[in-house]
Amino acid sequence: MTQQVPSTEPELTGVRNFRDVGGLPTVDGRRVRHGVLFRSGHLAHATEEDAAFLASLGLHTIFDFRNAADQKLEGPDVELPGVRNVNLPLTDPADGAEFWKMVRDGDLDQLRAILSDGKAAHRMIIAYRTIIKERTAEHAQVLRSLAEDSVPALMHCAAGKDRAGLSIAVTLLTLGVEREAILADYLESNAKHRRYKVHRSGNSPSAYSPEVMELLSPLFDARAEYLTAAFETIEESWGGVETYLEKGLGVTPELRERLRERLLD
C-alpha cells in the first residue's frame, strides 16, 4: 500500500534537492496537486532508507535528464521496484566528462580562462537558451508522457536544478502556473542542503581552493537570470508561451487539458 506523501520535506541522505512541487498556484486559481510531480538531483547515491521513501511515493516514471558522462561519473539511478526509468539526455551546462576532469584535477589556469569575469554565468545563460531552443522534442515527450500515464513522476538530472529545473518549468508553464511561483520553486535549489556535491579525485591542492570554488559558483547557483533567459528565449523564438506550446512542443488543447486534470487540484 502506498503511504501518504508527508507534508514536510523528507531528510534524504544520498539524494540532493528533492521536493514535491505540489501547491504552486496557477493563474486561474488552481494549484498543482501534491504527490504527483517531484524533482531532485540524481538517485545514484540513494541509501536504502532513501530508496524506501522514494518507493513509498507510488511513482510511475522517473525522468533522468543526465547524459552518459553524468551517469559514468555518478553511477546509475537506484532501482525502484515497479517504476519506469526514462533517460532523456539534455544539454549539459558543464560540458560533461572533460569539464569535470578539469575541475577534479584542479587545472586553475584553464578554469580561469573559461569561467572568470562573468564567463561562467554567461555559459549558463547560453545553456538554458540552447535547451529551450533545441530540446523541444524531449520536452514534448515528457508532456505527452505525463498526460498519458506517467503520473506520479519524478524529474531529475545531476544537481536537479538546470536540466530538471527547465523541464519542471516547462511543465508548470503548460499547467498555467504563475511565472513568479515557477521562479520561486526554481530558486529553492540554492539552499545549502540542496546543492550538488562535487566529488573531486584530483591530487592538486588547487582542486579544493577557495578560488576554484568561487569560479565554479555560477555553475552551482540557481540564478533568476538563468531562468529568465529561458523565458526570454520562448518569447524571442516563438512570440509567447502559447505559440511555444502549440508550435514548438505540439501541445494541443486536449493534451493540455489532460495534463491539468492529472496534475492540478
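Colleague: Which residues does alanine 147 touch, not counting residues up to four places away in sequence?

Modeller: Alanine 147 touches Leu255, Arg258, Leu259 and Arg262, where contact means heavy atoms within 4.5 Å. This is a predicted model, where local features need pLDDT of at least 70, side-chain atom pairs count only at pLDDT 80 or more, and totals for chains, interfaces and linings use all residues. Residues are numbered from 1 along each chain as its sequence is written, and side-chain values use heavy atoms, with hydrogens and water left out.

Colleague: Is alanine 147 buried or exposed?

Modeller: Alanine 147 is buried, at a relative accessible area of 3%; buried means under 20%, exposed over 50%, and partly exposed in between, with a 1.4 Å probe and protein chains only.

Colleague: Where is alanine 147 placed?

Modeller: In helix α6, residues 136-148. Helices are DSSP runs (H or I, at least four residues), numbered from the N terminus.

Colleague: How many residues apart along the chain are alanine 147 and arginine 262?

Modeller: They are 115 residues apart, and their C-alpha atoms are separated by 7.1 Å.

Colleague: At what angle do α6 and helix α12 pack?

Modeller: About 60 degrees, with the axes of α6 and α12 (residues 253-263) 8 Å apart. Axes are lines fitted to C-alpha atoms over the stretch in contact, and angles run from 0 to 180 degrees between N-to-C directions.

Colleague: Which residues of α6 meet α12?

Modeller: Leu143, Arg144, Leu146, Ala147 and Glu148 of α6 meet Leu255, Arg258, Leu259, Arg262 and Leu263 of α12.

Colleague: New topic. How do α8 and α10 cross?

Modeller: The axes of helix α8 (residues 179-187) and helix α10 (residues 224-238) come within 10 Å and cross at roughly 140 degrees.

Notes:
Helices (H or I, at least four residues) and strands (E, at least two) are DSSP runs, numbered from the N terminus.
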